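I opened the model today to look up a few points of its secondary structure and chain contacts. My notes are below.

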Amino acid sequence: MSKLSVEDLSKVYGQKTVLDHISFEVQAGEFLSILGPSGCGKTTILRILMGLLEPDGGVVRKDGRDITACSPAERGMGIVFQNYALFENMTVQKNVEYALRFHKELRGKASEIAAGLLRRVGLWELRDKKPGKLSGGQQQRVAIARTLALNPDVILFDEPMSALDVDTRLALRREIKDIQREYGSTMIYITHDQEEAFAMSDRIMVMEAGRIHQIGTPEELVTDPADDYVRRFVLENLQIKAESLSRFIQVAP
Amino acid sequence: MRKRPVSSTILKLALLAFFAAAVLLPLLRMLAYMRNTDVLKVLGGAAFRKACLNSLKVGLLTTAVSIPLAYALAWCVTRTHLRLRGLWSVLFSLPMLIPSISQGSGLIILFGANGVLTRLLHLGGNIYGLHGIVIGEAMYVTPIAFLMFADVLTYEDYTPYEAAQVLGIPRLRQFTAVTLPFLRRPLISAVFTVFSLTVTDYGVPLTIGGKVKTLPVLMYEDVIGLLDFGKGSVIGAVLLIPAVLAFLADLSNRDAGGNSFVARPFVIRQNKTRDGLACALCAAVGIFMLLPVAAFGVLSFMTNYPIDMSFTLGNAAKALRMNGGTYLVNSLLISAGVGILGVLIATVTAYCSTRLLSPAARLLHLLSITSMAIPGLVLGLSYVLFFKTSFLYGTMAILILVNMIHFFASSYLMLYNTFGKFNEHLEAVGLTLGASRLRIVWDVILPQCRGTMLEAFSYFFVNSMITISAVSFLANADTKPVALLIPQYEAQSFLECSAFISLLILCCNLLVKAAVHLLKSAIARQDG
């Protein structure tokens with residue numbers, strides 16, 4: 001049974017169809033990237049999966065159970081946003097502990113759990129700082145630790161790196177992959193950066209204008225693109241990057 | 001969000017209904033009241049035409065005086081190495097802590113027929129009339145324009161000037177090419193605000209105008225003296241025009257989006273001459289602004305100026321005995337009520353219009369800043385006509401309500417800006433972590449708004465202490481706020497008592513300002 005399955009999902013805003021009857025499945029422990037230009041509907045999917053938005057039609061299942069009508073907190077999923085959305089008035093540690101207050105069985109162990117997570121993401125020394133004093137990369141680590149506190153088996157990422165510089169992105173990529181292996185989490189990762197999607201994903205879903213063009217492994221997308229759009233959007237971009245890189249290598253002494 | 005909870009829709013509808021009942025309906029009632037009056041006869045009357053002309057003159061002259069002066073002061077405070085900047089800023093905003101009518105009586109005490117400075121400097125004592133009104137109004141509105149300019153100049157980006165210097169562009173050209181375009185929006189806002197405040201104020205012209213009557217004075221006399229609500233409504237409708245224009249100018253300015261993001265703070269070069277001149281100007285204006293307050297002190301605590309200049313507490317005791325004490329308690333209760341209720345409603349409204357987006361939220365935003373377009377006197381008359389038969393009329397509650405609406409827009413906008421700056425996903429994150437929207441508001445959003453909420457409280461409180469406009473038609477012998485004793489004492493020629501009341505109001509406001517300042521610093525330390 002798949003971890004998550006989406007059947008015939010649709011969403012319309014006024015005249016604009018944002019999601020046009022899409023279906024896909026995600027396996028347990030899989031890393032799926034959703035790739036597409038702005039406005040293609042990828043964030044809408046994420047919000048519907050998380051329960052922050054109601055679809056006009058379709059069903060979302062987790063472990064076979066219909067969760068379309070469940071509240072966000074009942075879904076056992078976590079989400080990491082682009083601009084971190086940290087609680088600026090609380091210390092790093094309080095940010096990570098916050099969610100545990102609302103869970104009776106975890107409340108007593110809150111500081112212990114937070115300490116473990118902060119050590120894991122390398123922020124233990126900064127635990128008493130407010131988020132405003134941290135770098136972008138450090139803030140995103142706090143956001144990830146805060147999401148992990150409730151131990152969700154599915155974690156959603158909404159372009160988590162787009163506000164970060166290149167070096168930080170590379171480090172954080174590795175970290176997210178390590179966490180996925182360690183916790184065995186299923187991850188759905190939204191991005192418009194082809195390179196990022198190719199480097200991190202088990203499978204990539206290419207979207208445009210509310211429709212899915214192709215879902216496949218990075219290799220499948222390269223060797224067997226489903227249509228012209230996939231070829232153009234995914235491969236041309238990568239090719240340009242590869243070409244400029246090879247030119248750079250040739251020119252360098 | 002998922003399905004929008006029904007409660008948030010109900011909340012927004014309730015707020016919309018509240019603002020409709022507290023702002024729109026009273027105003028419409030006043031406009032409808034004109035039906036019973038021969039509008040053309042009022043507009044064509046000699047008294048009206050003369051007052052209209054006087055108001056225009058006062059408005060234009062005051063704007064012409066106060067805008068350059070306010071800009072010069074703001075420039076001195078932000079663009080020179082002037083020492084004690086904080087002190088100057090406090091000094092220039094001091095007049096905002098006393099009623100406008102006190103500026104008029106201050107000038108009379110100083111420059112009137114028997115004035116302190118008239119005798120000291122052997123002046124003619126000829127302050128009554130148009131020039132007196134303009135001086136008084138300028139003292140009333142310059143601080144407001146000063147704060148607007150100082151705020152804008154503090155956040156001006158230095159980068160374009162650096163670029164201009166690199167390109168070797170002369171200073172004058174820098175001013176016309178960089179500074180003026182940058183100042184255009186705030187300048188328009190300041191000009192309209194100052195003009196509209198001046199034209200709709202009756203405090204200064206009532207005391208110092210002598211035979212020169214302006215429209216608000218005419219309206220005040222028609223309503224208070226003659227109980228001619230019809231004629232009052234017509235003048236009120238005319239007074240709406242400059243205020244609505246100011247509102248629209250401000251709205252179009254604001255919507256275009258202000259850029260308050262500082263790329264590089266200003267670099268101020270060393271220039272002793274410039275600093276000296278700035279200091280001289282600030283000192284001159286500062287002293288002039290302090291003069292009325294000093295005059296209140298002199299008059300309040302001298303036995304019988306200028307005959308017996310020995311110290312006494314008799315005037316203070318007399319003022320307190322003649323209802324001053326009771327009305328001071330009224331004022332404190334009203335101001336505290338306006339502060340608490342105002343902050344509460346402004347916070348909820350600003351939250352709804354910034355973080356529960358929908359067409360209703362936009363309408364709510366527009367309705368809550370509409371009160372900015374209604375002069376206090378007009379709002380007061382609207383309330384009289386609309387609420388006359390209701391249980392609210394003649395109570396302290398209606399005074400709290402009318403002041404809250406009168407001063408709502410500024411406080412609301414402070415909170416609106418603060419709420420707008422929070423990360424848009426906070427509530428969503430909360431929901432995924434098991435924390436309700438209300439929980440996130442309480443745990444995360446409100447703790448970060450404490451400073452703004454205190455600032456909003458202080459604005460509501462101080463303005464409710466000094467206002468005489470919206471409340472003048474609504475207060476009765478039991479509910480009267482203390483500021484209304486100033487025109488009453490002046491009419492009874494108890495100048496020393498009215499001076500003492502002005503001082504009293506100033507002291508209360510200074511205490512509240514100081515308390516808010518201390519609390520805000522404590523919060524800032526805590527947030528560290």
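Entry 1. I noted that the model is predicted.

Entry 2. I looked at the hairpin in chain A. Strand E1(A), residues 4-13, pairs with strand E2(A), residues 16-26, in the antiparallel sense, and I count seven bridges. Two residues separate the strands, and A:Gly14 in that turn has a positive phi of about 60 degrees. I also looked up A:Leu9, and its bridge partner in E2(A) is A:Ile22.

Entry 3. I checked helix H8(B), residues 159-166, for burial. Zero of its eight residues are buried, so H8(B) lies largely in the open. After H8(B) comes B:Gly168, with a positive phi near 75 degrees.

Entry 4. I turned to two helices of chain B, H18(B) at residues 408-420 and H21(B) at residues 450-466. Their axes are 9 Å apart and the packing angle is about 170 degrees. Because an angle over 145 counts as roughly antiparallel, I put H18(B) down as roughly antiparallel to H21(B). On the H18(B) side I listed B:Ser410, B:Ser411, B:Met414, B:Leu415 and B:Thr418. These meet B:Thr452, B:Glu455, B:Ala456, B:Tyr459 and B:Phe460 in H21(B). By class, the residues of this contact are five nonpolar, four polar and one charged.

Entry 5. Last, I looked at where the chains touch. Chain A gives 20 residues to the contact and chain B gives 17 residues. On the chain A side I find 13 nonpolar, five polar and two charged residues.

How values were computed. Residues are numbered from 1 along each chain as its sequence is written. Chains are lettered from A and ligands numbered from 1 in the order in which they are written. This is a predicted model: local features need pLDDT of at least 70, side-chain atom pairs count only at pLDDT 80 or more; totals for chains, interfaces and linings use all residues. Axes are lines fitted to C-alpha atoms, for helices over the stretch in contact, and angles run from 0 to 180 degrees between N-to-C directions. Helices (H or I, at least four residues) and strands (E, at least two) are DSSP runs, numbered from the N terminus. Angles under 35 degrees count as roughly parallel, over 145 as roughly antiparallel, 65 to 115 as roughly perpendicular and the rest as oblique. Two residues are in contact if their C-beta atoms, placed from the backbone, lie within 7 Å. Ala, Val, Leu, Ile, Met, Phe, Trp, Tyr, Cys and Pro count as nonpolar, Asp, Glu, Lys and Arg as charged, and the others, Gly among them, as polar. A residue is buried if 20 or more other C-beta atoms lie within 10 Å of its own, exposed if 12 or fewer, and partly exposed in between; C-beta atoms are placed from the backbone. Two strands pair if DSSP finds at least two bridges between them.
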